[in-house]
Amino acid sequence: MSRVYNFSAGPAVLPEEVLKEAAEEMLDYRGTGMSVMEMSHRSKAFEKIITDAEQDLRDLMQIPDNYKVLFLQGGASQQFAMIPMNLMKNRTADYIITGQWAKKAAKEAEKYGKVNRIASSEDKTFSYIPDCSDLPVSEDADYVYICENNTIYGTKFKTLPDTKGKTLVADVSSCFLSEPVDVSRYGVIYGGVQKNIGPAGVVIVIIREDLITEDVLPGTPTMLTYKTHADAGSLYNTPPAYGIYICGKVFKWIKSQGGLEAMKERNEKKAKVLYDFLDQSRLFKGTVEKKDRSLMNVPFVTGNADLDAKFVKEAKEAGLENLKGHRSVGGMRASIYNAMPYEGVVALVDFMKKFEEENL
Ligand SMILES: *Cc1c(COP(=O)(O)O)cnc(C)c1O
């Protein structure tokens, strides 16, 4: 068996300890004589899995009691519709456009009401986060929407926008559990777990209770109503049970590493190695404004598409995989999520140094 350093943006690297534990429990989960994939979601064993997972997540993020935690399906993209369907009481919402995911979310919301794009960084191919200290927030906006970490472009909101009292909704798919957050500043925090937490197929929604109502847009399906899942403890229908089980293990792993403060420290240390190298490299260049750099996704280029392709190919041969940039940006992107070890980033930088010497 040999594992590579996997820099994929998602689905992405998971902690080896978690994968090993899951492997050990595959055939016989703790004396049940079956795998978690095979058991009833109404069984005692699964009830404990989902209850513990929620509690561990609450502990890690210090989620206040007036927030519900929902384990849903449909990926982050389904939330692009579910959010307006459930929250657009005035049929108006404000969106801050910092990349493809925010753009898609805004476009989807337009099916349900008026969408105001109150800030954007599209003028410079989303290489920065716009100033959000004094936004033209709409008086009747039901919420202000952000994509907090832009997976494709490698930018992150370092301070949350001033929403002037409006509910903040944030897609945190690619920065979930990467550092401490103040949940009370948000109305809804959500993310697909396949970036930083677990296997694709689970999306976690953390939502303030007063936003969970029966007063949703006409025609909203039962399955797309937050209240359905909140009332049923995420067990209205069969949940993505195996995925939730793995997420639960990752929560325990993060706890064992020291929680979100420790994650932040590790992530800053890893990102620094890579950014410091990029800042002095004569071949490679980071593509993002320094103040807005993500700790999770690091895009970079050589400025020469052929050389980029050569780099990606040779890196793969050296056991450094999935470094090709998103098709809309080109170049390279290293996703260095929680589970990427420090040694993986050092190996990448060593390889970049060598490549630079050989190709300058
Ligand atoms: C990957 C990603 C999405 C889309 O996630 P799906 O689960 O594939 O729908 C949305 N937002 C962000 C920030 C992402 O990184």
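Predicted model: local features only at pLDDT ≥ 70, side-chain atom pairs only at ≥ 80, totals over all residues.

Analyst: Residues are numbered from 1 along each chain as its sequence is written, and side-chain values use heavy atoms, with hydrogens and water left out.

Start with the whole protein. It has nine helices and 14 strands. Both are DSSP runs, numbered from the N terminus: helices are H or I with at least four residues, strands are E with at least two. The radius of gyration is 21 Å, close to the 21 Å of the globule rule for 360 residues, so the protein is as compact as a globular protein of that length. That radius is taken over C-alpha atoms, and the rule is 2.2 Å times the number of residues to the power 0.38. Of the 360 residues, 57% count as buried. Buried means under 20% relative accessible area, exposed over 50%, and partly exposed in between, with a 1.4 Å probe and protein chains only.

Next, its partners. Strands of a sheet pair through backbone hydrogen bonds, either parallel or antiparallel. Two strands pair if DSSP finds at least two bridges between them. Strand β2, residues 67-72, pairs with β10 in the antiparallel sense over six bridges. Look at L70: its bridge partner in β10 is V205. Strand β9, residues 188-192, also pairs with β10 in the antiparallel sense, over five bridges. Here G192 stands opposite V203 of β10.

One residue in a loop is worth a look too. T167 sits between β7 (155-156) and β8 (168-171). T167 is buried, with a relative accessible area of 14%. Contact means heavy atoms within 4.5 Å.

Finally, step back to contacts across the chain. Take those between residues at least 6 apart in sequence: 67% of them join residues at least 24 apart. The pair L70 and V205 gives you a place to begin on the structure. From there, go to G192 and V203.
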